[in-house]
Amino acid sequence: MEEQFLQKFKEVLEVTDRNLSLSDKFRSYEEWDSLAFLSLIAMIDEEYDVIIDGKDFKQLETVEDIIQAVKERK
Amino acid sequence: MNLQPFSLANKHILVTGASSGIGRSIAIACSEMGASLSITGRNADELEKTLSQLQGEGHRSIKADLNSESDLDSLVNELPELDGVVSNAGINKRTLCKYIKENDLDLIMKTNLTSPILLIKRLLKSKKLNSGASVIFISSIAAYHSSIGDSVYSATKGAIVSYSKVLALELAGSKVRVNTIQPGMIRTSLLENGPLSAEDYEKDEKKYPLGRYGKPEEVAYAAIYLLSDATSWITGTNLVLDGGISLI
């Protein structure tokens with residue numbers, strides 16, 4: 001799932017020049033903004049049928065944290 | 001000359017969505033200006049909290065989900081004749097246009113547009129609006145001030161303004177006035193539970209020419225103005241209250 005998620009997240013952010021890694025602090029990405037946030041939440045909902053509410057999302061720091069949050073809600 | 005033009009004494013006012021945020025603040029402020037209130041909302045406990053904060057007497061709380069036809073019927077049956085209505089209940093669920101789900105679209109449209117329209121219809125049919133009554137819809141600057149993910153919410157907030165202007169025209173003969181209030185970002189618990197971090201909001205707040213977001217009571221003061229006899233000759237208008245954000 002990790003590889004697939006990294007790929008999907010990359011598409012959400014429209015990153016083409018590098019690969020993302022699990023330990024990345026996604027909020028420090030240059031591409032991270034409110035559009036990216038809404039895209040990510042919608043992508044997770046569509047692909048994994050999981051809804052992470054805003055309050056919980058605020059606690060997440062790394063890409064791995066997001067994946068963990070998705071797994072916990074599956 | 002009326003020396004207390006903003007007084008709401010001897011007026012009975014319905015406030016929807018009164019179990020939290022702006023609705024609660026409007027209800028409390030109206031009671032402080034002498035009105036008696038009927039307050040409604042979906043959360044019984046929170047509604048009771050609002051009721052306990054109202055000044056004066058003659059208030060009632062009626063738990064109702066305005067999206068439910070039977071709740072709407074029983075609410076209207078229980079209501080006394082009204083001198084004011086503040087249609088405030090509303091929801092938002094931010095998502096990009098690309099990802100809008102039909103269920104969410106229906107729910108937001110229903111809560112923010114269809115149900116307020118049907119509530120007014122029922123109030124009119126059952127003759128619950130007194131001559132001289134004032135009706136207010138809480139719209140939002142989102143109606144024309146765009147932000148990402150807010151498309152459906154913005155559409156409903158624009159539509160309610162268009163609706164209110166026709167309603168104003170239709171009810172002018174019976175001296176019922178209809179106006180809208182368009183707040184910018186207001187600090188409520190909705191914001192605290194929202195997706196953005198405190199830092200995001202601080203950054204956004206700095207964009208406001210008056211330097212900060214609005215407070216719920218500031219929306220309430222605008223509502224008092226439009227509910228009171230001070231505005232007897234104002235109908236079909238829209239009061240923007242946004243710390244100047246729509247200037248930029």
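Skipping neighbours within four places in sequence, B:Asn112 is in contact with B:Ala89, B:Gly90, B:Ile91, B:Tyr153, B:Thr156, B:Lys157 and B:Ile160. Keep in mind that this is a predicted model. B:Asn112 sits in helix H4 of chain B, which spans residues 102-125. Its relative accessibility is 4%, so B:Asn112 counts as buried. The side chain of B:Asn112 also reaches the backbone nitrogen of B:Ile91, at 2.8 Å.

The axes of H4(B) and helix H5 of chain B (residues 151-171) come within 9 Å and cross at roughly 15°. That angle is under 35 degrees, so H4(B) is roughly parallel to H5(B). The crossing is right-handed. On the H4(B) side, the contact includes B:Asn112 itself, along with B:Leu105, B:Ile108 and B:Met109, among others. H5(B) brings in residues including B:Tyr153, B:Thr156, B:Lys157 and B:Ile160. Sorted by class, this contact has 15 nonpolar, two polar and one charged residues.

Over in chain A there's another helix pair to look at. Helix H1 (residues 2-13) and helix H2 (residues 34-48) have axes that come within 9 Å and cross at roughly 140°. H1(A) is therefore oblique to H2(A). This crossing is right-handed. From H1(A), the contact uses A:Gln4, A:Phe5, A:Lys8, A:Phe9, A:Val12 and A:Leu13. H2(A) answers with A:Ala36, A:Ser39, A:Leu40, A:Met43, A:Ile44, A:Glu47 and A:Tyr48. By class, that's nine nonpolar, two polar and two charged residues.

Last stop: which strand holds B:Asn238? B:Asn238 lies in strand S7 of chain B, residues 238-241. With a relative accessible area of 25%, B:Asn238 is partly exposed. Leaving out residues up to four places away in sequence, B:Asn238 touches B:Thr180, B:Ile181 and B:Gln182. Its side chain makes polar contacts with the side chains of B:Thr180 and B:Gln182, and the table gives the distances.

| Side chain | Partner side chain | Polar contact distance |
|---|---|---|
| B:Asn238 | B:Thr180 | 2.9 Å |
| B:Asn238 | B:Gln182 | 2.7 Å |

As for B:Pro209, 29 residues separate it from B:Asn238 in sequence, and the C-alpha to C-alpha distance is 20 Å.

Notes:
Residues are numbered from 1 along each chain as its sequence is written. Chains are lettered from A and ligands numbered from 1 in the order in which they are written. This is a predicted model: local features need pLDDT of at least 70, side-chain atom pairs count only at pLDDT 80 or more; totals for chains, interfaces and linings use all residues. Side-chain values use heavy atoms; hydrogens and water are left out. Axes are lines fitted to C-alpha atoms, for helices over the stretch in contact, and angles run from 0 to 180 degrees between N-to-C directions. Helices (H or I, at least four residues) and strands (E, at least two) are DSSP runs, numbered from the N terminus. Angles under 35 degrees count as roughly parallel, over 145 as roughly antiparallel, 65 to 115 as roughly perpendicular and the rest as oblique. A crossing is left-handed if the near helix is turned anticlockwise from the far one by less than a right angle, and right-handed if clockwise. Contact means heavy atoms within 4.5 Å. Ala, Val, Leu, Ile, Met, Phe, Trp, Tyr, Cys and Pro count as nonpolar, Asp, Glu, Lys and Arg as charged, and the others, Gly among them, as polar. Buried means under 20% relative accessible area, exposed over 50%, partly exposed in between (1.4 Å probe, protein chains only). A polar contact is a pair of N or O atoms within 3.5 Å; within protein, one must be able to donate a hydrogen and the other to accept it, and residues adjacent in sequence count only if both atoms are side-chain atoms.
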